[in-house]
Amino acid sequence: MVSTCRISTTTTTAHTNHLFSSSIFSNNNTSQTTTTTRSRSHHLLLRDPPRLITISSSSSRQKSRRMVGKSPCCLIEADGGSLVDVVVAESERAATVSEAASLPQVSLTRIDLEWVHVISEGWASPLRGFMREADYLRSLHFNSFRCPDGSFVNMSLPIVLAIDDHTKQRIASSSHVALLAPDGDLIAILRSIEIYKHNKEERIARTWGTTAPGLPYVEEVITHAGNWLIGGDLEVLKEIKYNDGLDHYRLSPSHLRMEFEKRQADAVFAFRLRNPVHNGHALLMNDTRRRLLEMGYKNPILLLHPLGGFTKADDVPLDVRMEQHMKVLEDGILDPETTIVAIFPSPMHYAGPTEVQWHAKARINAGANFYIVGRDPAGMGHPTEKRDLYDPDHGKKVLSMAPGLEKLNILPFRVAAYDTVTEKMAFFDPSRAQDFLFISGTKMRNYARNGENPPDGFMCPGGWQVLVKHYQSLQAQEDKHQPSAAFST
(Lines give C-alpha, C1' and ligand atoms only; values in the text may rest on other atoms or scores of the structure.)
Protein backbone atom coordinates (compact mmCIF):
# COMPACT_ATOMS: atom_id res chain seq x y z
CA MET A 1 0.00 0.00 0.00
CA VAL A 2 1.32 3.45 -0.94
CA SER A 3 1.96 5.82 1.96
CA THR A 4 -0.27 8.86 2.31
CA CYS A 5 1.93 10.46 4.98
CA ARG A 6 2.70 13.84 3.45
CA ILE A 7 6.12 15.14 2.56
CA SER A 8 7.63 18.57 2.11
CA THR A 9 6.34 20.39 -0.94
CA THR A 10 9.90 21.18 -1.96
CA THR A 11 10.81 17.54 -2.67
CA THR A 12 10.15 15.54 -5.81
CA THR A 13 7.07 13.38 -5.37
CA ALA A 14 6.40 12.14 -8.89
CA HIS A 15 7.00 8.43 -9.04
CA THR A 16 8.44 8.79 -12.54
CA ASN A 17 11.40 10.61 -11.01
CA HIS A 18 11.82 8.09 -8.18
CA LEU A 19 14.54 6.19 -10.06
CA PHE A 20 17.20 8.19 -11.89
CA SER A 21 18.95 5.34 -13.69
CA SER A 22 17.77 6.50 -17.13
CA SER A 23 17.85 10.24 -16.60
CA ILE A 24 20.28 12.53 -14.83
CA PHE A 25 22.37 9.73 -13.31
CA SER A 26 22.85 7.78 -16.50
CA ASN A 27 25.16 8.42 -19.42
CA ASN A 28 22.32 10.05 -21.33
CA ASN A 29 22.33 13.83 -21.43
CA THR A 30 18.75 14.20 -20.25
CA SER A 31 19.18 16.34 -17.18
CA GLN A 32 16.57 18.79 -18.38
CA THR A 33 13.87 16.18 -17.73
CA THR A 34 14.42 16.36 -14.01
CA THR A 35 15.51 19.91 -13.30
CA THR A 36 11.94 21.15 -13.35
CA THR A 37 10.69 18.76 -10.68
CA ARG A 38 11.23 21.19 -7.82
CA SER A 39 10.72 24.87 -7.22
CA ARG A 40 13.78 27.08 -7.77
CA SER A 41 12.43 29.48 -5.15
CA HIS A 42 13.54 27.06 -2.45
CA HIS A 43 17.24 26.98 -3.41
CA LEU A 44 19.28 28.31 -0.51
CA LEU A 45 22.69 29.96 -0.63
CA LEU A 46 25.41 29.01 1.82
CA ARG A 47 26.10 32.03 4.00
CA ASP A 48 29.02 30.81 6.11
CA PRO A 49 31.68 28.21 5.25
CA PRO A 50 30.56 24.86 6.70
CA ARG A 51 32.86 22.65 8.73
CA LEU A 52 33.63 18.98 9.10
CA ILE A 53 31.17 17.40 11.53
CA THR A 54 32.85 15.69 14.45
CA ILE A 55 30.64 17.35 17.06
CA SER A 56 29.11 15.77 20.12
CA SER A 57 25.48 14.75 19.70
CA SER A 58 24.85 15.25 23.40
CA SER A 59 25.92 18.89 23.38
CA SER A 60 22.83 20.03 21.55
CA ARG A 61 20.29 17.37 22.49
CA GLN A 62 17.94 19.82 24.14
CA LYS A 63 18.21 22.19 21.20
CA SER A 64 17.49 19.41 18.73
CA ARG A 65 14.45 18.30 20.73
CA ARG A 66 12.77 21.59 19.89
CA MET A 67 12.87 20.80 16.18
CA VAL A 68 11.55 17.24 16.38
CA GLY A 69 8.62 16.98 14.00
CA LYS A 70 9.58 20.15 12.15
CA SER A 71 11.10 19.99 8.67
CA PRO A 72 13.39 22.79 7.48
CA CYS A 73 12.14 24.40 4.28
CA CYS A 74 13.81 21.95 1.93
CA LEU A 75 14.22 18.74 3.95
CA ILE A 76 12.06 15.72 3.32
CA GLU A 77 9.48 15.11 6.04
CA ALA A 78 9.91 12.19 8.43
CA ASP A 79 7.69 9.15 7.98
CA GLY A 80 4.42 9.69 9.77
CA GLY A 81 4.92 13.49 9.74
CA SER A 82 7.22 13.81 12.78
CA LEU A 83 10.27 12.18 14.32
CA VAL A 84 9.81 9.87 17.25
CA ASP A 85 11.87 10.72 20.34
CA VAL A 86 11.19 8.41 23.29
CA VAL A 87 14.08 9.48 25.52
CA VAL A 88 12.61 10.64 28.84
CA ALA A 89 12.91 14.38 29.48
CA GLU A 90 15.40 15.41 32.15
CA SER A 91 12.62 16.77 34.36
CA GLU A 92 10.89 13.35 34.39
CA ARG A 93 13.96 11.12 34.55
CA ALA A 94 14.27 10.61 38.30
CA ALA A 95 10.62 9.54 38.69
CA THR A 96 10.82 7.24 35.66
CA VAL A 97 14.03 5.62 36.87
CA SER A 98 12.40 5.03 40.26
CA GLU A 99 9.42 3.38 38.57
CA ALA A 100 11.68 1.23 36.39
CA ALA A 101 13.50 -0.05 39.45
CA SER A 102 10.22 -1.41 40.81
CA LEU A 103 9.21 -3.33 37.64
CA PRO A 104 9.95 -6.88 36.51
CA GLN A 105 13.12 -6.88 34.44
CA VAL A 106 14.05 -8.15 30.98
CA SER A 107 17.74 -8.38 30.08
CA LEU A 108 18.95 -7.14 26.69
CA THR A 109 21.77 -8.34 24.48
CA ARG A 110 24.15 -5.91 22.82
CA ILE A 111 22.12 -6.09 19.60
CA ASP A 112 18.85 -5.57 21.48
CA LEU A 113 20.42 -2.40 22.89
CA GLU A 114 21.31 -1.26 19.38
CA TRP A 115 17.64 -1.59 18.45
CA VAL A 116 16.62 0.43 21.52
CA HIS A 117 19.05 3.09 20.27
CA VAL A 118 17.53 2.99 16.77
CA ILE A 119 13.96 3.32 18.05
CA SER A 120 14.75 5.96 20.67
CA GLU A 121 16.16 8.45 18.19
CA GLY A 122 13.46 8.09 15.55
CA TRP A 123 15.28 6.16 12.82
CA ALA A 124 12.25 3.84 12.63
CA SER A 125 9.63 6.61 12.94
CA PRO A 126 6.71 6.34 13.46
CA LEU A 127 7.52 3.14 15.42
CA ARG A 128 7.66 3.94 19.15
CA GLY A 129 8.82 0.64 20.60
CA PHE A 130 9.38 -3.04 19.90
CA MET A 131 6.65 -4.33 17.60
CA ARG A 132 3.49 -5.91 18.91
CA GLU A 133 2.10 -8.78 16.88
CA ALA A 134 -0.03 -6.78 14.42
CA ASP A 135 2.89 -4.49 13.54
CA TYR A 136 5.23 -7.46 13.33
CA LEU A 137 2.98 -9.27 10.85
CA ARG A 138 2.52 -6.15 8.70
CA SER A 139 6.26 -5.69 8.55
CA LEU A 140 7.04 -9.34 7.92
CA HIS A 141 4.38 -9.93 5.26
CA PHE A 142 3.75 -6.50 3.74
CA ASN A 143 6.96 -4.52 4.46
CA SER A 144 4.82 -1.77 5.94
CA PHE A 145 3.83 -0.01 9.14
CA ARG A 146 0.51 1.64 9.90
CA CYS A 147 0.70 5.32 10.90
CA PRO A 148 -1.61 6.68 13.62
CA ASP A 149 -3.72 8.38 10.93
CA GLY A 150 -4.33 5.06 9.15
CA SER A 151 -1.83 5.58 6.32
CA PHE A 152 1.12 3.31 5.75
CA VAL A 153 4.88 3.75 5.46
CA ASN A 154 7.63 1.34 4.50
CA MET A 155 8.96 -0.94 7.25
CA SER A 156 10.72 -3.93 5.70
CA LEU A 157 12.48 -5.35 8.77
CA PRO A 158 10.64 -6.46 11.91
CA ILE A 159 12.09 -4.72 14.98
CA VAL A 160 11.35 -7.14 17.79
CA LEU A 161 12.56 -8.28 21.19
CA ALA A 162 12.78 -12.00 21.96
CA ILE A 163 12.39 -13.55 25.41
CA ASP A 164 12.66 -17.12 26.67
CA ASP A 165 10.03 -19.30 28.37
CA HIS A 166 11.27 -18.50 31.87
CA THR A 167 11.10 -14.74 31.30
CA LYS A 168 7.64 -15.07 29.78
CA GLN A 169 6.35 -16.86 32.85
CA ARG A 170 7.97 -14.35 35.17
CA ILE A 171 6.48 -11.23 33.52
CA ALA A 172 3.22 -12.65 32.10
CA SER A 173 0.98 -10.80 34.57
CA SER A 174 2.78 -7.44 34.17
CA SER A 175 1.64 -4.50 32.06
CA HIS A 176 5.07 -2.84 31.99
CA VAL A 177 8.63 -4.14 32.29
CA ALA A 178 12.05 -2.59 32.79
CA LEU A 179 14.81 -3.30 30.26
CA LEU A 180 18.36 -3.92 31.45
CA ALA A 181 21.43 -3.19 29.32
CA PRO A 182 24.07 -5.94 29.03
CA ASP A 183 26.04 -4.28 31.83
CA GLY A 184 23.01 -4.43 34.13
CA ASP A 185 22.05 -0.75 33.96
CA LEU A 186 18.38 0.16 33.76
CA ILE A 187 17.92 1.44 30.23
CA ALA A 188 14.18 1.73 29.50
CA ILE A 189 10.60 0.89 30.36
CA LEU A 190 8.54 -1.11 27.88
CA ARG A 191 4.90 -0.18 28.45
CA SER A 192 1.60 -1.96 27.68
CA ILE A 193 3.40 -5.11 26.70
CA GLU A 194 2.11 -7.85 24.44
CA ILE A 195 3.74 -11.30 24.32
CA TYR A 196 3.31 -13.53 21.27
CA LYS A 197 4.88 -16.54 19.58
CA HIS A 198 8.29 -16.20 17.91
CA ASN A 199 8.04 -18.33 14.78
CA LYS A 200 11.71 -18.28 13.87
CA GLU A 201 11.51 -20.28 10.66
CA GLU A 202 8.81 -18.02 9.22
CA ARG A 203 10.71 -14.89 10.25
CA ILE A 204 13.94 -16.12 8.69
CA ALA A 205 12.35 -17.36 5.47
CA ARG A 206 10.42 -14.16 4.83
CA THR A 207 13.26 -11.80 5.76
CA TRP A 208 16.15 -13.54 3.98
CA GLY A 209 14.31 -15.60 1.39
CA THR A 210 16.16 -18.70 2.59
CA THR A 211 16.65 -20.77 5.73
CA ALA A 212 20.13 -21.90 4.70
CA PRO A 213 22.57 -22.21 7.59
CA GLY A 214 25.29 -19.59 7.98
CA LEU A 215 23.31 -16.34 7.83
CA PRO A 216 25.29 -14.05 10.17
CA TYR A 217 22.40 -12.20 11.85
CA VAL A 218 20.35 -15.36 12.18
CA GLU A 219 23.18 -17.24 13.87
CA GLU A 220 24.05 -14.32 16.13
CA VAL A 221 20.52 -13.20 17.09
CA ILE A 222 17.68 -15.53 16.13
CA THR A 223 18.81 -19.15 16.33
CA HIS A 224 19.41 -19.09 20.07
CA ALA A 225 16.77 -16.45 20.87
CA GLY A 226 13.72 -17.16 22.97
CA ASN A 227 10.49 -18.65 21.64
CA TRP A 228 8.47 -15.50 22.41
CA LEU A 229 8.43 -11.89 21.27
CA ILE A 230 7.49 -8.99 23.50
CA GLY A 231 6.21 -5.72 22.11
CA GLY A 232 5.31 -2.40 23.68
CA ASP A 233 6.03 1.34 23.78
CA LEU A 234 9.50 2.41 24.87
CA GLU A 235 10.46 5.08 27.35
CA VAL A 236 14.25 5.26 27.28
CA LEU A 237 15.78 6.58 30.49
CA LYS A 238 18.81 8.25 28.93
CA GLU A 239 20.59 8.61 25.63
CA ILE A 240 22.32 5.43 24.51
CA LYS A 241 26.09 5.75 24.78
CA TYR A 242 28.77 3.15 24.05
CA ASN A 243 31.78 5.01 25.50
CA ASP A 244 34.00 3.67 22.73
CA GLY A 245 35.40 6.99 21.57
CA LEU A 246 32.92 7.17 18.70
CA ASP A 247 29.78 8.54 20.39
CA HIS A 248 30.41 12.01 18.93
CA TYR A 249 29.79 10.50 15.47
CA ARG A 250 26.44 9.02 16.49
CA LEU A 251 24.21 11.88 15.39
CA SER A 252 20.45 11.37 15.73
CA PRO A 253 18.03 12.15 12.88
CA SER A 254 16.94 15.36 14.61
CA HIS A 255 20.55 16.39 15.12
CA LEU A 256 21.38 15.66 11.47
CA ARG A 257 18.38 17.68 10.32
CA MET A 258 19.51 20.57 12.48
CA GLU A 259 22.97 20.36 10.90
CA PHE A 260 21.55 20.23 7.36
CA GLU A 261 19.46 23.29 8.12
CA LYS A 262 22.46 25.08 9.62
CA ARG A 263 24.41 24.42 6.44
CA GLN A 264 21.51 25.67 4.28
CA ALA A 265 21.39 22.37 2.37
CA ASP A 266 18.87 22.29 -0.45
CA ALA A 267 19.49 18.58 -1.15
CA VAL A 268 20.85 15.78 1.00
CA PHE A 269 22.26 12.65 -0.67
CA ALA A 270 23.07 9.67 1.51
CA PHE A 271 25.68 6.98 0.94
CA ARG A 272 25.51 3.93 3.22
CA LEU A 273 28.45 1.59 3.50
CA ARG A 274 30.02 -0.97 5.80
CA ASN A 275 33.42 -1.03 4.09
CA PRO A 276 36.40 1.34 3.83
CA VAL A 277 36.03 4.16 1.30
CA HIS A 278 38.17 3.73 -1.80
CA ASN A 279 38.53 6.24 -4.61
CA GLY A 280 35.82 4.50 -6.62
CA HIS A 281 33.31 5.26 -3.85
CA ALA A 282 34.59 8.84 -3.76
CA LEU A 283 34.19 9.12 -7.52
CA LEU A 284 30.54 8.09 -7.21
CA MET A 285 29.84 10.53 -4.38
CA ASN A 286 31.62 13.44 -6.03
CA ASP A 287 29.96 12.72 -9.37
CA THR A 288 26.55 12.63 -7.67
CA ARG A 289 27.14 16.09 -6.17
CA ARG A 290 28.28 17.43 -9.53
CA ARG A 291 25.15 16.16 -11.21
CA LEU A 292 22.90 17.55 -8.49
CA LEU A 293 24.52 20.94 -9.08
CA GLU A 294 23.80 20.52 -12.79
CA MET A 295 20.16 19.88 -11.89
CA GLY A 296 20.02 23.32 -10.29
CA TYR A 297 20.63 22.58 -6.62
CA LYS A 298 22.88 25.14 -4.97
CA ASN A 299 24.25 23.31 -1.94
CA PRO A 300 23.80 19.52 -1.93
CA ILE A 301 25.28 17.95 1.20
CA LEU A 302 26.64 14.39 1.36
CA LEU A 303 25.67 12.23 4.33
CA LEU A 304 28.42 9.60 4.51
CA HIS A 305 26.67 7.16 6.78
CA PRO A 306 28.60 4.00 7.74
CA LEU A 307 26.71 1.25 9.49
CA GLY A 308 27.60 1.11 13.17
CA GLY A 309 25.65 -1.79 14.64
CA PHE A 310 26.29 -5.54 14.43
CA THR A 311 28.37 -6.68 11.44
CA LYS A 312 29.77 -10.09 10.58
CA ALA A 313 33.13 -11.16 11.91
CA ASP A 314 35.16 -10.60 8.73
CA ASP A 315 33.92 -7.04 8.15
CA VAL A 316 36.32 -4.21 9.03
CA PRO A 317 35.58 -3.07 12.62
CA LEU A 318 33.76 0.23 13.09
CA ASP A 319 36.63 2.07 14.80
CA VAL A 320 38.99 1.20 11.94
CA ARG A 321 36.44 2.25 9.33
CA MET A 322 35.82 5.58 11.04
CA GLU A 323 39.55 6.31 11.23
CA GLN A 324 39.87 5.43 7.56
CA HIS A 325 36.89 7.62 6.58
CA MET A 326 38.42 10.60 8.36
CA LYS A 327 41.68 10.11 6.46
CA VAL A 328 39.68 10.25 3.23
CA LEU A 329 38.46 13.69 4.27
CA GLU A 330 41.86 14.82 5.53
CA ASP A 331 43.45 13.82 2.23
CA GLY A 332 40.84 15.84 0.32
CA ILE A 333 39.30 12.89 -1.55
CA LEU A 334 35.93 14.09 -0.24
CA ASP A 335 35.24 17.73 0.60
CA PRO A 336 34.93 18.25 4.36
CA GLU A 337 32.86 21.38 3.77
CA THR A 338 30.08 19.52 1.97
CA THR A 339 30.27 16.17 3.79
CA ILE A 340 28.82 15.04 7.11
CA VAL A 341 30.17 11.77 8.51
CA ALA A 342 27.91 10.11 11.04
CA ILE A 343 27.31 6.58 12.32
CA PHE A 344 24.05 4.77 11.54
CA PRO A 345 23.40 2.68 14.69
CA SER A 346 21.39 -0.14 13.13
CA PRO A 347 22.54 -3.78 13.23
CA MET A 348 23.26 -5.33 9.83
CA HIS A 349 21.08 -8.21 8.60
CA TYR A 350 22.69 -8.92 5.19
CA ALA A 351 19.15 -9.42 3.90
CA GLY A 352 19.61 -7.83 0.48
CA PRO A 353 16.57 -6.17 -1.17
CA THR A 354 14.49 -6.55 1.99
CA GLU A 355 17.05 -4.82 4.17
CA VAL A 356 17.99 -2.07 1.74
CA GLN A 357 14.44 -0.73 2.06
CA TRP A 358 15.06 -0.30 5.79
CA HIS A 359 18.32 1.51 5.11
CA ALA A 360 16.58 3.88 2.70
CA LYS A 361 13.60 4.48 5.00
CA ALA A 362 15.87 5.37 7.92
CA ARG A 363 17.65 8.00 5.79
CA ILE A 364 14.29 9.59 4.99
CA ASN A 365 13.86 10.11 8.70
CA ALA A 366 17.32 11.70 8.83
CA GLY A 367 16.29 14.21 6.13
CA ALA A 368 17.89 12.71 3.01
CA ASN A 369 15.93 13.09 -0.21
CA PHE A 370 18.45 11.28 -2.44
CA TYR A 371 19.83 7.80 -1.75
CA ILE A 372 22.78 6.27 -3.61
CA VAL A 373 22.47 2.54 -4.21
CA GLY A 374 24.92 0.24 -5.93
CA ARG A 375 25.47 -3.40 -6.73
CA ASP A 376 23.99 -5.97 -4.33
CA PRO A 377 23.17 -3.52 -1.52
CA ALA A 378 23.00 -5.19 1.92
CA GLY A 379 23.82 -8.51 0.25
CA MET A 380 26.41 -11.20 0.84
CA GLY A 381 27.69 -14.40 -0.67
CA HIS A 382 25.46 -17.43 -0.30
CA PRO A 383 26.44 -19.13 2.96
CA THR A 384 26.61 -22.65 1.47
CA GLU A 385 27.04 -22.14 -2.29
CA LYS A 386 29.60 -20.28 -4.41
CA ARG A 387 27.29 -17.50 -5.62
CA ASP A 388 25.67 -14.29 -4.47
CA LEU A 389 22.71 -14.82 -2.17
CA TYR A 390 20.71 -12.16 -4.06
CA ASP A 391 20.62 -10.94 -7.63
CA PRO A 392 22.99 -7.94 -7.55
CA ASP A 393 20.54 -5.73 -9.49
CA HIS A 394 17.45 -6.47 -7.41
CA GLY A 395 18.25 -4.05 -4.60
CA LYS A 396 18.06 -0.94 -6.76
CA LYS A 397 15.06 -2.30 -8.66
CA VAL A 398 13.16 -3.02 -5.45
CA LEU A 399 13.96 0.44 -4.08
CA SER A 400 12.56 2.03 -7.23
CA MET A 401 9.17 0.34 -6.74
CA ALA A 402 8.91 -0.15 -2.97
CA PRO A 403 5.63 1.17 -1.53
CA GLY A 404 6.25 3.92 1.01
CA LEU A 405 9.56 5.07 -0.47
CA GLU A 406 8.19 7.13 -3.36
CA LYS A 407 9.31 10.42 -1.85
CA LEU A 408 12.96 9.31 -1.82
CA ASN A 409 14.91 9.74 -5.06
CA ILE A 410 16.94 6.59 -5.74
CA LEU A 411 20.33 7.08 -7.43
CA PRO A 412 21.68 3.82 -8.91
CA PHE A 413 25.38 4.38 -9.52
CA ARG A 414 27.53 3.28 -12.42
CA VAL A 415 30.23 0.67 -11.91
CA ALA A 416 33.65 2.06 -11.04
CA ALA A 417 36.94 0.17 -11.42
CA TYR A 418 40.65 0.89 -11.62
CA ASP A 419 41.60 2.27 -15.05
CA THR A 420 45.10 1.01 -15.81
CA VAL A 421 45.52 3.57 -18.60
CA THR A 422 44.74 6.70 -16.56
CA GLU A 423 45.98 5.02 -13.33
CA LYS A 424 42.96 6.04 -11.28
CA MET A 425 39.47 4.85 -10.39
CA ALA A 426 37.03 5.58 -13.22
CA PHE A 427 33.62 4.57 -14.49
CA PHE A 428 33.85 1.26 -16.29
CA ASP A 429 33.88 1.52 -20.08
CA PRO A 430 32.77 -1.78 -21.69
CA SER A 431 34.36 -0.76 -24.99
CA ARG A 432 37.82 -1.13 -23.42
CA ALA A 433 37.11 -3.63 -20.70
CA GLN A 434 40.66 -4.98 -20.90
CA ASP A 435 41.95 -1.71 -19.43
CA PHE A 436 40.03 -2.04 -16.15
CA LEU A 437 41.03 -3.86 -13.00
CA PHE A 438 38.44 -4.92 -10.43
CA ILE A 439 40.00 -5.05 -6.97
CA SER A 440 37.84 -7.25 -4.76
CA GLY A 441 37.61 -6.97 -1.01
CA THR A 442 39.58 -10.21 -0.72
CA LYS A 443 42.36 -8.87 -2.92
CA MET A 444 42.39 -5.60 -0.96
CA ARG A 445 42.69 -7.50 2.34
CA ASN A 446 45.55 -9.60 0.94
CA TYR A 447 47.40 -6.47 -0.17
CA ALA A 448 47.05 -4.99 3.31
CA ARG A 449 47.98 -8.18 5.18
CA ASN A 450 51.14 -8.56 3.10
CA GLY A 451 52.13 -4.92 3.44
CA GLU A 452 51.75 -4.39 -0.30
CA ASN A 453 50.33 -1.26 -1.87
CA PRO A 454 47.38 -1.36 -4.28
CA PRO A 455 47.76 0.45 -7.61
CA ASP A 456 48.28 4.19 -7.22
CA GLY A 457 44.94 5.97 -7.22
CA PHE A 458 42.92 3.11 -5.72
CA MET A 459 42.71 4.62 -2.22
CA CYS A 460 44.14 7.70 -0.55
CA PRO A 461 47.52 6.94 1.11
CA GLY A 462 46.37 7.91 4.61
CA GLY A 463 43.30 5.71 4.40
CA TRP A 464 45.29 2.80 3.05
CA GLN A 465 47.79 2.96 5.91
CA VAL A 466 44.91 2.65 8.40
CA LEU A 467 43.93 -0.65 6.76
CA VAL A 468 47.50 -1.90 6.57
CA LYS A 469 47.93 -1.28 10.30
CA HIS A 470 44.67 -3.11 11.05
CA TYR A 471 45.30 -6.19 8.90
CA GLN A 472 48.94 -6.53 9.91
CA SER A 473 47.81 -6.42 13.54
CA LEU A 474 45.36 -9.24 12.81
CA GLN A 475 48.09 -11.19 11.03
CA ALA A 476 50.42 -10.76 14.00
CA GLN A 477 47.75 -12.08 16.35
CA GLU A 478 47.15 -15.10 14.11
CA ASP A 479 50.88 -15.80 13.90
CA LYS A 480 51.15 -15.55 17.68
CA HIS A 481 48.53 -18.24 18.15
CA GLN A 482 49.96 -20.57 15.50
CA PRO A 483 51.63 -23.59 17.11
CA SER A 484 55.37 -23.47 16.52
CA ALA A 485 56.77 -26.21 14.34
CA ALA A 486 58.70 -28.98 16.08
CA PHE A 487 61.91 -30.20 14.50
CA SER A 488 63.80 -33.36 15.33
CA THR A 489 67.38 -34.20 14.52
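## Close-up views

**View 1. The lining of the second largest pocket divides into 12 nonpolar, four polar and six charged residues.** Here Asp, Glu, Lys and Arg count as charged, Ala, Val, Leu, Ile, Met, Phe, Trp, Tyr, Cys and Pro as nonpolar, and the others, Gly among them, as polar. This is a predicted model, in which local features need pLDDT of at least 70 and side-chain atom pairs count only at pLDDT 80 or more, while totals for chains, interfaces and linings use all residues. Residues are numbered from 1 along each chain as its sequence is written, and side-chain values use heavy atoms, with hydrogens and water left out.

**View 2. Step inside the second largest pocket, which holds about 380 Å³ of space.** A pocket is an open set of points on a 1 Å grid over the protein atoms alone, where a 1.4 Å probe fits and protein lies on both sides within 12 Å along at least five of seven lines; lining residues have an atom within 4 Å of a point. Of the 22 lining residues, look for Thr109, Asp112, Ala162, Val221 and Ala225, the closest to the pocket's centre. Two or more lining residues come from each of β1 (105–107), α3 (110–121), β4 (162–163), α5 (165–171) and α7 (216–222). Helices (H or I, at least four residues) and strands (E, at least two) are DSSP runs, numbered from the N terminus. Helix α3 gives the most to this lining, with four residues.

**View 3. The largest pocket has a volume of about 1,500 Å³.** Around it sit 47 lining residues, and the closest to its centre are Asn275, His278, His281, Arg375 and Gly441. Strands β8 (267–273), β11 (370–373) and β13 (416–419) each supply at least two lining residues, as do helices α9 (279–294) and α13 (441–449). Which helix gives the most to the lining of the largest pocket? It is α13, with four residues. Sorted by class, this lining has 25 nonpolar, 10 polar and 12 charged residues.

**View 4. Helix α4 spans residues 133–142, with Asp135, Tyr136, Ser139 and Leu140 buried.** Buried means under 20% relative accessible area, exposed over 50%, and partly exposed in between (1.4 Å probe, protein chains only). Seen down the axis of α4, the buried residues fall within an arc of 125°, so they line one face of the helix. They pack against β2 (144–146), β6 (186–197), α6 (200–208) and β7 (228–236). Just after α4 comes Asn143, with a positive phi of about 55°.

**View 5. Arg132 and Asp233 meet in a salt bridge through their side chains, at 3.4 Å from N to O.** This pair links distant parts of the chain, since Arg132 lies in the loop between α3 and α4, Asp233 lies in strand β7, and they are 101 residues apart. Arg132 is partly exposed at 22% relative accessibility, and Asp233 is partly exposed at 34%. A salt bridge is a side-chain nitrogen of Lys or Arg within 4 Å of a carboxyl oxygen of Asp or Glu. The structure holds 27 of them.

**View 6. Here are two further salt bridges and a network.** The side chains of Arg387 and Glu385 meet at 2.6 Å, N to O. Arg387 is partly exposed at 42% relative accessibility, and Glu385 is partly exposed at 41%. In the other salt bridge, the closest N and O atoms of Asp393 and Lys396 are 3.8 Å apart. Asp393 is partly exposed at 33% relative accessibility, and Lys396 is partly exposed at 26%. Elsewhere, salt bridges that share partners join Arg274, Lys312, Asp314 and Asp315 into one network.

Key:
The arc is that of the directions from the helix axis to the C-beta atoms. Contact means heavy atoms within 4.5 Å. Grid points are joined across faces, edges and corners, and a volume is the space filled by probe spheres set on the points.
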